[in-house]
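These are my notebook entries on a single protein chain. I set down what I looked up, entry by entry.

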Amino acid sequence: MSSLVPSPSSGALSPKLLLRISIAVALITIVLKGVAGWLTNSMGLISDAMESFVNLASAMFALAMVTIAARPADADHPYGHHKAEYFSSGFEGILIFAAAAAILWAAVVRLLSPEPLQQLGWGLALSVLSSALNAVLALALFRAARTHRSIALEADAKHLMADVWTSAGVVVGIVAVWLTGWLWLDPVLAIGVALNIAREGVKLVWRSSQGLMDEALDPEAQALLHAALEHFAASVPEGRQLRFDDIVTRRAGQRRFADLHMHVPGDWTLQRAASLRDALEQTLMDAVPGLRVTIQLLPLGMEARATQIEETTS
């Protein structure tokens with residue numbers, strides 16, 4: 001059994017650095033959106049500012065989980081600590097639910113007692129500026145999430161991008177309030193903000209639960225794995241005598257795992273079979289970044305005991 005540590009390009013920012021930047025941006029947007037809400041007395045902008053507190057807490061928790069996930073395997077955690085990132089995604093989803101409930105409550109109160117808006121020019125300018133910061137950071141996080149295969153970075157990026165679209169909707173709505181004079185439209189916008197971020201929270205919690213339950217690799221990674229097996233069989237002289245089956249995969253944070261059986265002629269020496277297995281392991285790890293693969297050797301015509309049990313009970 002072998003492993004290959006991910007080696008992102010040297011120019012890529014590390015997850016820890018990006019999450020520290022995310023914390024700093026969250027603090028800045030809290031100030032900008034908070035001032036915007038205070039100046040305008042807009043429930044829509046105030047709710048948008050409240051969501052920025054979720055951004056701050058999520059980024060801080062994600063930084064802690066990424067730090068834990070980076071720890072090497074030890075005696076108590078022989079497969080590493082990679083799943084810690086899924087707790088970050090789930091925690092962020094729960095925080096989003098709490099923020100949505102708070103925004104919804106405040107919006108309903110304002111809907112029952114509408115209040116006039118003030119100083120919309122400065123308020124909207126500050127809101128647009130904070131949204132621009134979030135958009136730039138979200139794009140950087142998306143790129144880094146693909147590079148590092150980090151669900152914590154991906155969750156933070158998705159939440160920030162949802163925040164950007166929410167802010168855009170609020171700005172459009174505030175302009176509509178200014179043009180029409182319909183004060184009830186402002187709290188209705190806040191209710192829309194609450195429902196939108198709650199929807200994002202559902203997605204994050206679901207994604208986290210799937211990761212904790214050892215979800216299979218994505219279709220693209222599985223396709224790479226099967227293509228590598230076919231290429232290996234075609235590239236070695238013994239390829240026609242080999243058979244691969246019982247291929248199962250799972251993902252734990254940045255790490256990817258695959259288990260499979262390699263059937264070889266029963267009269268081969270162990271040295272010959274093991275040598276070919278080592279070559280196959282390297283081929284698979286080269287094809288799928290971050291893969292840790294376990295290959296069980298079996299003679300042709302024999303199935304593993306677990307496979308026999310499954311076939312009997314199915």
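**Burial and surface.** I began with burial in this predicted model: of the 314 residues in the chain, 47% are buried.

**Overall dimensions.** I checked the radius of gyration, which is 26 Å for the chain, whereas a compact globule of 314 residues would have one near 20 Å. The C-alpha trace spans about 85 × 45 × 35 Å along its principal axes.

**Secondary structure and contacts.** I counted 9 helices and 4 strands in the chain. In sequence order they follow the pattern β-α-α-α-α-α-α-α-β-β-α-β-α. I also looked at contacts with a separation of 6 or more, and 77% of them are between residues 24 or more positions apart.

**Second largest pocket.** I recorded a volume of about 330 Å³ for the second largest pocket. Its lining has 17 residues, and those closest to the pocket centre are Glu154, Arg207, Asp218, Arg251 and Arg256. Helix 4 (120–148), helix 5 (151–180) and helix 6 (185–212) are the elements that each give two or more residues to this lining. Helix 4 gives the most, with 3 residues. I sorted the lining of this pocket by class and noted 8 charged, 7 nonpolar and 2 polar residues.

**Asn55.** Is Asn55 buried or exposed? I located Asn55 in helix 2 (residues 43–69). Asn55 counts as buried because its relative accessibility is 2%, and the cut-off for buried is under 20%. Leaving aside residues up to four places away in sequence, I listed the residues that Asn55 touches: Ala26, Asn134, His159, Leu160 and Asp163.

**Positive phi angles.** I next looked up backbone angles, given that most residues other than glycine have a negative phi. Asn41 is not a glycine, yet its phi is positive, at about 60°. I placed Asn41 in the loop between helix 1 (15–40) and helix 2. Asp246, also not a glycine, has a positive phi of about 50°. Where does Asp246 lie? I found Asp246 in strand 2 (residues 243–252). With a relative accessible area of 31%, Asp246 is partly exposed, since that term covers values between the 20% limit for buried and the 50% limit for exposed.

Terms used. Residues are numbered from 1 along each chain as its sequence is written. This is a predicted model: local features need pLDDT of at least 70, side-chain atom pairs count only at pLDDT 80 or more; totals for chains, interfaces and linings use all residues. Side-chain values use heavy atoms; hydrogens and water are left out. On a 1 Å grid over the protein atoms alone, a cavity is a set of points where a 1.4 Å probe fits but cannot get out, and a pocket is an open set with protein on both sides within 12 Å along at least five of seven lines; lining residues have an atom within 4 Å of a point. Grid points are joined across faces, edges and corners, and a volume is the space filled by probe spheres set on the points. Ala, Val, Leu, Ile, Met, Phe, Trp, Tyr, Cys and Pro count as nonpolar, Asp, Glu, Lys and Arg as charged, and the others, Gly among them, as polar. Buried means under 20% relative accessible area, exposed over 50%, partly exposed in between (1.4 Å probe, protein chains only). Contact means heavy atoms within 4.5 Å. The radius of gyration is taken over C-alpha atoms; the globule rule is 2.2 Å times the number of residues to the power 0.38.
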